[in-house]
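Biologist: I'm new to this one and would like a close look at a single part. Could you walk me through it once it's on screen?

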Amino acid sequence: MTEVCVAIFDSKHENEIVNKLKEIGDDFFIIAQGISVSKKNLFEMFTNDKKQRTLVFTETTPEKELLFKNYVKTKLADSKSGIYFCVKEVLMKKYDLIVTIAPMGHVQEIMDEARKMGAGGGTCFSARGAGANLQSFMGMSIDSQKEIILIVSQSENTAQITNAISNKLNFNDSRVGIVFTLPVDNVVFPPQSKNEKEKNKKLDKK
């Protein structure tokens, strides 16, 4: 059985984490560069202290996944930012990955709507659609610049977040973008503050 692992972390750890993947025997993986959109105002993202993020996407075995997760966990603790999760079929899940692909310039709107519905932060990547002799995918143009926004959400908030994003940008009628979700497991967040720990304990009891 294989598992798909996703790590989003401070770019200063990129070489170390990539070398760890190679060390445990995962030679095929995808790397992307982005910036954090956990700030409430996009203007803050373009100041001198903007947070550069690296995304690593790899398919591995459960045994290697455990080794990789434990290593990434130390790096998240060091920088106090980022996230790690594993995508696989699960019956009882607590988190979902919300993936939004939208035209350039809509990150602020998307994150504002997501936060209203319970989301925390997110990570944004610039991208360009590509396909063999295709002009569109599911009715959406693929030959223009896009932004990909990744949000890890508690499952109980997923539906309302995706609906809010879709309605705000009128995805259903305009076909300018797409939003979808994937179940995730083995989610690792940076160390929490005392208040955050108490809040999550209450949520786990529900």
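At what angle do helix 1 and helix 3 pack, and how far apart are their axes?

Modeller: Happy to, and keep in mind that this is a predicted model. Helix 1 covers residues 14–23 and helix 3 covers residues 62–79. The two pack at an angle of about 170 degrees, and their axes are 10 Å apart. An angle over 145 degrees counts as roughly antiparallel, so that is what helix 1 is to helix 3. As for handedness, helix 1 passes helix 3 in a right-handed crossing.

Now look at who touches whom. From helix 1 come E16, I17, K20 and L21, and across from them in helix 3 are F68, Y71, V72 and K75. Sort the residues of this contact by type and you get five nonpolar and three charged, with no polar ones.

To place that pair in the whole, the protein has 206 residues, with seven helices and 10 strands. Of those residues, 39% count as buried. Among the contacts with a separation of 6 or more, 77% are between residues 24 or more positions apart.

I98 has 0% relative accessibility, so it counts as buried. Leaving out residues up to four places away in sequence, I98 touches I149, L150, I151, F180 and I161, among others. I98 and I161 are 63 residues apart in sequence, yet their C-alpha atoms are 8.5 Å apart in space.

Methods:
Residues numbered from 1 in each chain as written. Predicted model: local features only at pLDDT ≥ 70, side-chain atom pairs only at ≥ 80, totals over all residues. Heavy atoms only, no water. Helix = DSSP H or I, 4+ residues; strand = E, 2+ residues; numbered from the N terminus. Buried < 20%, exposed > 50% of the residue type's maximum accessible area, 1.4 Å probe, protein only. Contact = heavy atoms within 4.5 Å. Axes fitted to C-alpha atoms, helices over the stretch in contact; angles between N-to-C directions. Parallel < 35°, antiparallel > 145°, perpendicular 65-115°, else oblique. Left-handed = near helix turned anticlockwise from the far one by under 90°. Nonpolar A, V, L, I, M, F, W, Y, C, P; charged D, E, K, R; others polar.
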